[in-house]
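Reader: Here is a model I would like to question term by term. Please set each value against its cut-off.

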Amino acid sequence: MLERFLSRDAQSSRPSAIRALAKWINDPNVISFAGGSPNPETFPAEQFAEIAARVLRERRQISLQYGPTRGLPRLCEFVAARCKVSPEQVILTTGSQQALDLIAHTLIDAGDVVAVELPTYIGGTSSFYARSARLAGVKQDDEGIVPESLAEVARAKKPKLLYVIPNFQNPSGRLMSQRRRDRVLEIAREHDFLIIEDDPYGELVYVSGADTRSIQSRDRDGRVLYLGTFSKVLAPGVRCGWIAGPKELIDRFEIAKQAADLCSGMLDQSIIDEYCAAGELPAQIERVRAFYRQKRAVMIDALDKNFARRAEWTSADGGLFTFVTLHDDIDTASRVEQSVKNGVAFVPGAPFFVDGSGRNTMRLTFAKEADERIRDGVARLAMSFRA
Ligand SMILES: Cc1ncc(COP(=O)(O)O)c(C=O)c1O
């Protein structure tokens, strides 16, 4: 009834199809491959507790005060050094989700075209829909974005932005080859669009020789906005991500952020700042990798045992997901309910495809469950798809 008061942008916003699955994801009786969250066992809770007590007691004027919109200077410098850019090219955000929102707010007018991968991250598309963007799907294969498809979309639809997740993508788990990254940048130059390179999973590598070098690392003309986050290597509850990009745009994002929240949580940033300054991050990243490497191996092995010749799945050499493609005539969404009755939840793939395809796909995370439950869950899943 109050619909008439909604802005046009609010009317074109879409709720997350995955958050709608929460009631199943959180039922302890159901084995869940559905969530996208990191495993709490990887969170450095004890170290955070010690640091939090210290910064609250000794540095309340920083940790409990409003802070700089761009973020704590030392943490900005830390992030800048990791991204090999200057600190003035960095802004810290309330998770990389806010980075997506600030970019969308600052760059998108209603009707502008954003090119996205088929499939892509729903939180990304939500931010673009919320600014009434039109989304154009670009094909993806095992090497990442298909350059011919990108060039075609660029010619036909003239996108302003390309949104891409080159490292162990959510949802596909795929790693884009370096050759393709070069081509993507060339096509962006040729057709003059910007690239949002979202990289939450680049540190979560489980094989040797995976080449995760960013598109940004070869950007010479200020075309790439690189998004990073501490959510997957530390914890998503301390909401801290960043944008690294051309200063001219970072200055604009700062203005948008002033309107959004003045500054991100200073307690969160203080904890992460102390943690990183103490040199703890590299060892933590190794722990997190070892933790998921094992789970990923269990899931891939279980898929081999239960789905061989009935489906294909991505190798998930990093990140938190494997993406399963079943026979063309199977609609995975229609199996969710039966599957939950069988005791296992997954995310159907179609919502990740902006062109309405992908009905025969599903996303599985190996992050949440213990090894035994992963084995059991995959066997139950196979049952749901046998019927
Ligand atoms: C591809 C991608 N981008 C961004 C995010 C948001 O992460 P955060 O806001 O916690 O940094 C996620 C979270 O799952 C993601 O998968």
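Author: Start with a strand pair: in strand S9, Trp242 is the bridge partner of Leu92. This is a predicted model, where local features need pLDDT of at least 70, side-chain atom pairs count only at pLDDT 80 or more, and totals for chains, interfaces and linings use all residues. Residues are numbered from 1 along each chain as its sequence is written, and side-chain values use heavy atoms, with hydrogens and water left out.

Reader: What makes S2 and S9 a pair?

Author: Two strands pair if DSSP finds at least two bridges between them. S2 and S9 (residues 241-244) have 4 bridges, in the antiparallel sense. Strands here are DSSP runs of E with at least two residues, and helices are runs of H or I with at least four, numbered from the N terminus.

Reader: Which way do the side chains of S2 point?

Author: Val90 and Leu92 point one way from S2 (residues 90-93), and Ile91 and Thr93 the other way. In a regular strand the side chains alternate between the two faces of the sheet. All four of these residues are buried.

Reader: Why is Phe346 called buried?

Author: Buried means under 20% relative accessible area, exposed over 50%, and partly exposed in between (1.4 Å probe, protein chains only). Phe346 has 1%, so Phe346 is buried. Phe385 has 6%, so Phe385 is buried too.

Reader: Why is the pair of Phe346 and Phe385 called tilted?

Author: Rings of Phe, Tyr and Trp (its six-membered ring) pair if their centres lie within 6.5 Å; planes under 30 degrees apart count as stacked, over 60 as edge-to-face and the rest as tilted. The structure holds 9 aromatic pairs. In this one the centres are 5.7 Å apart and the planes at 50°, so the pair is tilted. Phe346 sits in the loop between strands S12 (344-345) and S13 (347-348), and Phe385 in helix H14 (residues 371-386), 39 residues apart.
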